[in-house]
Amino acid sequence: MSKIKILRSDNDYMKLAQFVINENYSHHRKINQFSEPKTEALYNEELLYRNHSTVYALQDDNSDFIGTIRVLKWNYRDILPIEKIFSINPLHILEDGFQSDVWHIGRFAIRKNEGLLPLKKLMTLAIGKVCENNGNIAFAECDTKLLNILFLMGIEPKIIGKSKYYLGSETIPVLLTYENLLRFYNKNEHLVIGYKEHLSPQNQTNNIIFKYINTNYSFV
């Protein structure tokens with residue numbers, strides 16, 4: 001059995017930063033690349049976003065992380081990772097007359113050898129936030145392996161810049177459209193039915209438990 005938790009405390013965010021750094025390097029370089037400066041930078045960045053973001057963690061029976069993902073509603077003031085890493089101003093990507101919300105999906109990491117199902121569950125939770133209003137879009141930075149998986153799952157990200165080496169792998173900036181995200185969400189909503197209500201701000205302490213099936217598919 002495993003459970004979904006929304007991260008809220010400073011300790012949760014430090015655990016998130018350590019997990020993301022370790023898993024990214026573990027997947028791509030096959031060695032533990034724990035870096036205190038990188039972990040501290042990631043931790044501080046997430047604290048800046050905390051008031052308008054939601055971070056989901058999938059946990060095992062020991063409350064260790066199986067996977068994480070963060071979805072952030074842009075306030076048009078904070079510098080998003082896509083601008084910080086790739087020097088891409090989100091405003092230059094938006095179409096003329098765009099009036100919907102802009103989101104960013106990040107901190108997507110899965111424990112090695114855990115399979116495809118955690119990815120689908122976490123992506124569905126994050127995408128559900130983006131798809132709350134018609135026409136919303138999301139930016140993300142995808143490792144090349146994850147990018148290929150997203151295409152296979154029908155999300156079809158739009159590449160909007162050249163790749164860079166980041167956190168141990170070749171990473172590509174992408175735009176995710178409402179139509180493609182909604183199609184994925186509708187197909188996979190059954191994986192998270194009932195979770196959204198229990199994970200709302202009115203139920204901050206709840207953990208949602210569900211059966212976990214290991215598909216032996218590894219990725220970042």
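F19 counts as buried, at 10% relative accessibility, where buried means under 20% relative accessible area, exposed means over 50%, and partly exposed lies in between (1.4 Å probe, protein chains only). The model is predicted, so local features need pLDDT of at least 70 and side-chain atom pairs count only at pLDDT 80 or more, while totals for chains, interfaces and linings use all residues. Residues are numbered from 1 along each chain as its sequence is written, and side-chain values use heavy atoms, with hydrogens and water left out.

**Aromatic pairs**

- Two aromatic pairs are counted, under a rule by which rings of Phe, Tyr and Trp (its six-membered ring) pair if their centres lie within 6.5 Å, with planes under 30 degrees apart counted as stacked, over 60 as edge-to-face and the rest as tilted.
- The ring centres of F19 and F65 are 5.6 Å apart and their planes stand at 85°, so this pair is edge-to-face.
- This pair links distant parts of the chain, since F19 belongs to helix α1 (residues 10–29) and F65 to strand β3, 46 residues apart.
- Like F19, which is buried at 10% relative accessibility, F65 counts as buried, at 5%.
- W74 and Y76 form a stacked pair, with 4.5 Å from centre to centre and 25° between the planes.
- W74 counts as buried, at 8% relative accessibility, whereas Y76 counts as partly exposed, at 41%.

**The chain as a whole**

- The protein chain has eight helices and nine strands; helices (H or I, at least four residues) and strands (E, at least two) are DSSP runs, numbered from the N terminus.
- Of the 220 residues in the protein chain, 52% count as buried.
- Among the contacts in the protein chain with a separation of 6 or more, 75% come from residues 24 or more positions apart, a contact being heavy atoms within 4.5 Å.

**Nonpolar cores**

- The largest nonpolar core has 38 residues, and those with the most contacts inside it are I105, M123 and I127; such a core is a set of buried Ala, Val, Leu, Ile, Met, Phe, Trp, Tyr and Cys residues joined through side-chain atoms within 4.5 Å.
- Helix α5 (residues 117–130) gives the most to this core, contributing eight residues.
- When residues up to four places away in sequence are not counted, M123 touches I69, F108, L150, I155 and F184.
- Another core, of 15 residues, lies apart from the largest one, and Y13, F19, Y25 and Y43 are among its members.

**Helix α6 and its surroundings**

- In helix α6 (residues 144–152), the buried residues are L146, L147, I149 and L150.
- Seen down the axis of α6, these buried residues fall within an arc of 165°, so they line one face of the helix; the arc is that of the directions from the helix axis to the C-beta atoms.
- The cover over the buried residues of α6 includes β4 (102–110), α5, β5 (137–143), β6 (158–159) and β8 (169–176).
- At the start of α6, a side-chain oxygen of D143 reaches to within 3.0 Å of the backbone nitrogen of K145; a polar contact is a pair of N or O atoms within 3.5 Å, and within protein one must be able to donate a hydrogen and the other to accept it, while residues adjacent in sequence count only if both atoms are side-chain atoms.
- After α6 comes G154, whose phi is positive, near 90°.

- Most residues other than glycine have a negative phi.
- S87 is not a glycine either, yet has a positive phi of about 60°; S87 is found in the loop between α3 and α4 (90–93) and is exposed, with a relative accessible area of 62%.

- T54 has its place in strand β2 (residues 53–59) and is buried, with a relative accessible area of 13%.
- Leaving aside neighbours within four places in sequence, T54 is in contact with I6, I69, R70, V71 and K129.
- C131 counts as buried at 11% relative accessibility, and C142 counts as buried at 3%.
- The count of disulfides comes to zero, where a disulfide is a pair of cysteine sulfur atoms within 2.5 Å.
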